[in-house]
Amino acid sequence: MLFKLALKNIKKSVKDYSIYFFTLVIGVIVFYVFNALETQTAMLNVADSTRSVIELLNIFLSGVSVFVAIILGALIIYAGNFLIKRRKKEFGVYLTLGMSKRRMSTILLTETIIIGILSLVIGLIVGTALSQFMSVAVANIFEADMTSFTFVFSAKAAIKTCVYFGIMYLIVMIFNTVSIGKCKLIDLLHGSKKEEKLKLRNPIVCLIIFIIAAVALAIDYYCVTVKLNDFQSPKVLIVILVVGAVSTFLVFWSVSGSILTIVTKMKGLYFKRLNSFVLRQFSSKANTMVMSMSVICLMLFLTIVLLGSSISLTRSLNSNLRKLVPCEFQVKYFYEEETKSITDALTEKGFDLSKLDNTESVKFYEFNDLTMADTIGEYLTPALNHYTFVTMDSTETLVSLTDYNKIARIFGAEELKLAEDEYAMVGDLSVVVAARTNAIKAGHSFTFNGHTLTPGYLDCKQGAIMMSMNKCNEGVVVVNDEVLEGLASSWQVLYADYSCVGNDDIESTENYVNDFFKDDSLSDEGLFYATRSIMKSDSIGIGALATFISLYVGIIFLIASAAILSLKELSESADNVERYSVLRRIGTDEKMINKALFSQIGMFFAFPMVLAIIHSIFGLKSTNMIFEVFGSEGLGLSIAITALIIVLIYGGYFLLTYFTSKRIIADYTYRQQ
C-alpha cells in the first residue's frame with residue numbers, strides 16, 4: 001500500500017517538479033562524464049609526456065569530484081526541503097486520517113530510493129553516451145591516435161557515481177525524516193495560505209548599509225585590480241575575499257528590505273498594470289532568501305571567472321605555441337667566460353649536429369655597469385611592483401643588430417635598422433614595455449662602452465628572443481655591432497629545426513635529443529635545452545587542467561544556482577495559485593497574468609546575476625593581470641563563450657521555470673472551473 005502511494009506521489013512530483021528530477025539526472029551525467037575520462041583516455045595512443053599530463057588531469061578531476069559531490073549533496077537536500085514544503089497540505093491530510101509520522105517517513109524513504117534509482121539509471125545511460133564525445137574532445141586536445149578507440153562503459157566511474165550519490169541520498173533521507181518529525185498539523189494544513197512575511201526595513205538604515213557595502217566593494221575592486229601586486233600575502237587576499245562576501249550579503253539585505261518601500265513611493269510605476277502584485281511577490285521571496293541569494297551570486301561570479309579565464313588562458317597558450325615556439329629545438333649556453341661557441345660546446349659533448357637544420361646562433365651580453373636605472377630611469381617605477389624580477393639594479397641584456405635580426409626572422413618579427421649610436425628596445429611584458437616606451441618617447445639616452453646611445457625608434461618593439469610557453473622577455477637593448485665589438489658575451493642561444501623528413505625520422509630525432517640531454521653533466525656545463533614537443537605537451541597540459549576543472553566546477557555551480565532559484569520559484573508558484581486565481585476572478589486577462597509571472601521570475605533570476613556580472617568584470621580583469629605573461633588571446637571570445645554557456649543553462653532553467661509555473665497555475669484554474 002505504501003509503495004503504491006509512493007509511486008503515485010512520484011508520478012505527481014515528476015509532473016509538477018520536472019526541474020528537480022532534471023537537475024538530479026544532469027548531476028549524475030556531469031559527475032559520470034568527468035570521472036569516466038580516466039577509463040576513456042587509457043585507450044588513447046599518446047606520447048609518454050602527454051600520458052603523464054593525462055594522468056595528472058585524472059588525479060585532479062578525482063579530487064575535484066569530492067568537492068562537486070558536496071555541492072550536489074547540498075543541492076539535493078535543498079531541493080528535498082522544497083518538495084516537502086510543496087506537499088505540506090498532503091502530509092497534513094495523512095496526519096488527519098491517522099497516519100503516523102513514522103509511516104510518512106517510510107513513504108518519503110521509498111520515494112527517495114525510487115527517485116535515486118531512476119536518476120542514476122537515466123543519468124548513467126546518457127552519461128555513457130556523452131562520455132564518448134568527451135573522449136573525442138580529449139583526443140583532439142592531446143592529438144592522440146584513436147585507431148584503437150572503442151565505445152567504453154566505465155565501470156569504475158559508474159561505481160564511483162553510485163557510491164557518491166548513494167551517500168547523498170542517505171543524507172537526504174535523514175534530513176527528510178527529521179523534517180517530517182518537526183511538522184505540526186496546523187502548519188501543514190494552512191501553510192499554503194501563508195505568504196512569507198514582508199520585512200519593510202527602515203529605508204534610511206538600508207541606504208546607509210548599502211553605501212557602506214558599495215564602498216567596501218569599490219575598495220575590494222580597487223585592491224584586486226590597481227593594487228593587486230601590492231597584496232602578495234595570502235592573509236591579505238583572504239581578508240579581501242571575506243570583505244567581498246560580506247559586502248555582497250549586505251547589498252542583498254539592504255536592497256531586498258527596501259525595494260518595495262522605494263517603489264511604493266513611485267505611484268506611477270507601482271500601480272501600473274500588475275506591478276504592485278509582482279513587486280510584493282518578489283519582495284516576499286527576496287526578503288527570506290538574502291543568504292541564499294548571496295551564495296548564488298558568489299557561485300555565479302566564480303562560474304563566470306572560472307570559465308572566462310580558463311578559456312582565455314587555453315587560447316593564449318595555443319596562440320603562444322604558434323608565435324613563441326617557431327623552432328623544433330633550442331639550446332641555451334651559459335658560462336662565466338666566453339671560450340668557445342655553442343656549436344663547439346655541443347660537438348665536444350658528442351652531439352650530432354647533422355641532425356639539425358636551419359641553425360642560427362646568437363650571443364647576448366650583460367654588464368653590471370648597465371642597469372635598468374640607466375636605460376629607463378624614473379619611467380621604470382610603474383613596473384617595479386608588477387614583476388618581482390624587475391628592479392632598478394636589474395642588469396640589462398644587450399644584443400647586436402645583426403644577431404637580433406636573425407631572431408626577428410626566426411620569430412617572424414620586424415627587422416630593425418639603426419643609425420650610428422642609436423639603440424632599440426624589444427620586449428613583450430606589457431608593463432615593462434610601457435615603461436621602456438615612455439623612456440624612449442622622452443628621448444632618454446645613456447652611455448655604454450664609450451658610445452652615447454639615443455633612441456632609434458619612438459617605442460619599444462614587441463618581440464621575443466627565446467622559445468617559451470609564455471611571454472618572458474622583459475626587454476633587450478639592440479645596438480649596432482660596433483658598440484659590442486671587443487666585448488665578451490655572457491651567454492648564447494642556438495635555434496634549429498630537425499633535418500630529418502617524415503614522422504618516423506622526426507620522432508627518432510626527438511628521442512635522440514631527449515636522450516642526449518638526460519646527461520646531468522650538460523647542465524653543469526651550462527647547457528640547457530627545450531623542444532617544441534615538450535613545450536607543446538606542457539602547454540596542452542596546463543590548458544587541459546584549467547579548462548576541464550573550470551568546466552566541471554563552473555557547470556556544477558551554474559546548475560546549483562539555477563536549480564535553487566527554480567525550485568524556490570516553483571514552490572512559491574504552487575503555493576500562490578489561489579492568488580493568481582483571484583486575479584482572474586477580478587477580470588485580469590491571461591496575457592497580463594502571464595506577463596506578470598514572467599516579470600516576477602525574471603526579476604528573481606536577474607537579482608543575483610546582475611551583481612555577479614559586476615563582480616566578474618573586476619574578477620576577470622584581475623585574473624587577466626595574473627595571467628598576463630601568457631597573454632590575453634581571445635578574451636572577448638572567451639567572454640562570449642562563457643555568456644553562451646550561461647544563457648543555455650541559466651536561461652534554460654529560467655524558461656523551464658516560467659513554463660512549469662505557468663502550467664501549475666493553469667492546472668489549478670482548470671480544476672477550480
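Analyst: A salt bridge is a side-chain nitrogen of Lys or Arg within 4 Å of a carboxyl oxygen of Asp or Glu. This is a predicted model, where local features need pLDDT of at least 70, side-chain atom pairs need 80 or more, and totals for chains, interfaces and linings use all residues. Residues are numbered from 1 along each chain as its sequence is written, and side-chain values use heavy atoms, without hydrogens or water.

User: What makes D403 and K406 a salt bridge?

Analyst: Their side chains meet at 3.5 Å, N to O. The limit is 4 Å, so the pair qualifies. Both residues lie in helix 17 (residues 401-411), three residues apart, about one turn of the helix. Helices (H or I, at least four residues) and strands (E, at least two) are DSSP runs, numbered from the N terminus.

User: Why is D403 called buried?

Analyst: Its relative accessibility is 11%. Buried means under 20% relative accessible area, exposed over 50%, and partly exposed in between (1.4 Å probe, protein chains only). D403 therefore counts as buried.

User: What makes K340 and E348 a salt bridge, and why do K340 and E348 fall where they do in accessibility?

Analyst: The side chains meet at 2.8 Å, N to O. K340 has 25% relative accessibility, so it counts as partly exposed. E348 has 57%, so it is exposed.

User: Which residues are linked in a network of salt bridges?

Analyst: E414, D459 and K461. Within it, D459 pairs with K461, their closest N and O atoms being 3.5 Å apart. D459, at 31% relative accessibility, counts as partly exposed. K461 is at 17%, so it is buried. The whole structure holds ten salt bridges.

User: E510 is charged; what makes it a case without a salt bridge?

Analyst: The nearest side chain of opposite charge is R532, 8.8 Å away. Lys and Arg count as positive, Asp and Glu as negative; His and the chain ends are left out.

User: What does the side chain of E510 make a polar contact with?

Analyst: With the side chain of Y498, at 2.7 Å. A polar contact is a pair of N or O atoms within 3.5 Å; within protein, one must be able to donate a hydrogen and the other to accept it, and residues adjacent in sequence count only if both atoms are side-chain atoms. Contact in general means heavy atoms within 4.5 Å. Beyond four places in sequence, E510 is in contact with Y498, T531, S533 and I534.

User: Why is Y423 called buried, and which residues is it in contact with?

Analyst: Its relative accessible area is 1%, so Y423 is buried. It belongs to strand 4 (residues 422-427). Leaving aside neighbours within four places in sequence, its contacts include L418, I440, F446, P455 and V478. A polar atom of the Y423 side chain lies 2.8 Å from the backbone oxygen of H444. The C-alpha atoms of Y423 and P455 are 5.2 Å apart, although 32 residues separate the two along the chain.

User: What makes a set of residues a nonpolar core, and how many residues has the largest?

Analyst: A core is a set of buried Ala, Val, Leu, Ile, Met, Phe, Trp, Tyr and Cys residues joined through side-chain atoms within 4.5 Å. The largest has 97 residues; Y20, L61, I76, F165, F548, Y552 and Y650 have the most contacts inside it. Helix 21 (residues 532-575) gives the largest share, 18 residues. I76 touches Y20, L24, F165, M168, Y169 and V172, not counting residues up to four places away in sequence. A second, separate core of 29 residues includes V399, M467, V493 and M535.
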